Amino acid sequence: MSQLKRAISISDLENFSPRLLPFEGQWYDLMGYPELKGTWLIWGDSGSGKTRFSLQLAKYLSQWVRIGYNSLEEGLSESLRIAFHECGMSEVKRRIVLFDQEPISDMVARIKAPKAPKVWIVDSLQYTDMNYFEYKAFRELFNRGRQLILISHATGRLPEGRTANKVRFDAFVKIRVEGYRAFAMSRYGGTSHYDIWPEGAARYWGDSQPKSHNQNPFDHDNPGHDKRSNY
């Protein structure tokens, strides 16, 4: 019989000091100070700006960690080249590793390798063909210190498909993209949206209010966050 893990005491929890990413500006406003752990889910309709948002997020994260980006859906293509060029990804080319439609089984081997990237972006969840049980097994690779970011198609305001909807409940950060604007519900805080393409977002939404005056369209309250960082 295997030995049971020791229960966590209240003192253990109070003394716990995770490695938090010291987000600033509009990124902090969107999701607070996140830690590298578990899953973030990004979803939106085709043409909403979710790929550009994912690349902007990857570029921002690359100042702290290396990124593995698995383009399962587009793969090596002109559309992907344009997206990378427009987001200025060549500026961080030593920090981001691009994979061309790599199967999840191969990704698992790469993630376990020494000096593997700490953050992995998969575009898209639907192209993995994973069911929820397979997703949970894959997610186990992303405990403290590793981050999985999944991009999903959408049906209306929700991720497309049963697996994606279950992942939505499991994710630490949930980001819905519509009209070149990203709206987050984060377990780490965040009070405002993020404009992927400000001019396009302004035209789509038809408002010119400051970002801090716009309400998050998720039907949830977003709790406050203790603004700590141990960097």
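**Entry 1. Strand β10 and its partner**

I began at the end of the sheet: arginine 181 has aspartate 195 in β10 as its bridge partner. The model is predicted, so I kept its limits in mind: local features need pLDDT of at least 70, side-chain atom pairs count only at pLDDT 80 or more, and totals for chains, interfaces and linings use all residues. Residues are numbered from 1 along each chain as its sequence is written, and side-chain values use heavy atoms, with hydrogens and water left out.

I looked up how β9 (residues 181–186) meets β10 and found two bridges, with the strands antiparallel. Strands here are DSSP runs of E with at least two residues, helices are runs of H or I with at least four, and both are numbered from the N terminus. Two strands pair if DSSP finds at least two bridges between them.

The side chains of the two residues also form a salt bridge, with the closest N and O atoms 2.6 Å apart. This pair links distant parts of the chain, aspartate 195 in β10 and arginine 181 in β9, 14 residues apart. I took a salt bridge as a side-chain nitrogen of Lys or Arg within 4 Å of a carboxyl oxygen of Asp or Glu. Aspartate 195 is buried at 14% relative accessible area, and arginine 181 is buried at 4%. Buried means under 20% relative accessible area, exposed over 50%, and partly exposed in between, with a 1.4 Å probe and protein chains only.

**Entry 2. The sheet**

I traced the strand order as β3-β2-β4-β5-β1-β8-β9-β10, an open sheet of eight strands with mixed pairing. Its edge strands are β3 and β10 (194–195), each pairing on one side only. The chain as a whole has eight helices and 10 strands.

I then checked β4. β4 pairs with β2 in the parallel sense over five bridges, and five bridges also join β4 to β5 (residues 147–152), again parallel. Isoleucine 121 stands opposite isoleucine 149 in β5. Five of the five residues in β4 are buried. Val119, Ile121 and Asp123 lie on one side, and Trp120 and Val122 on the other. In a regular strand the side chains alternate between the two faces of the sheet.

**Entry 3. Aspartate 123**

Aspartate 123 lies in β4 (residues 119–123), and serine 71 stands opposite it. Not counting residues up to four places away in sequence, aspartate 123 touches Thr51, Tyr69, Asn70, Ser71, Leu72, Glu73 and Ile151. Contact means heavy atoms within 4.5 Å.

**Entry 4. Helix α4**

In α4 (residues 78–86) I found Leu80, Ala83 and Phe84 buried. Seen down the axis, the buried residues of α4 fall within an arc of 95°, so they line one face of the helix. The arc is that of the directions from the helix axis to the C-beta atoms. These buried residues pack against α3 (50–61), β2 (67–71) and β3 (96–100). The face turned away carries the exposed residues His85 and Glu86. Just after α4, glycine 88 takes a positive phi of about 65°.

Glutamate 86 forms a salt bridge with arginine 52 (2.7 Å, N to O). Arginine 52 lies in α3 and glutamate 86 in α4, so the pair ties together parts 34 residues apart in sequence. Arginine 52 is partly exposed at 27% relative accessible area, whereas glutamate 86 is exposed at 55%.

**Entry 5. Arginine 168**

I found arginine 168 in α7 (residues 162–170), buried with a relative accessible area of 16%. Its side chain makes a polar contact with the side chain of asparagine 165 (3.1 Å). A polar contact is a pair of N or O atoms within 3.5 Å; within protein, one must be able to donate a hydrogen and the other to accept it, and residues adjacent in sequence count only if both atoms are side-chain atoms. Beyond four places in sequence, arginine 168 is in contact with Leu41, Trp43, Leu158, Pro159 and Lys174.

**Entry 6. Totals**

A search of the whole structure gave 10 salt bridges. Arg139, Glu140 and Asp170 are linked in a network of them. Buried residues make up 49% of the 231 residues in the chain.
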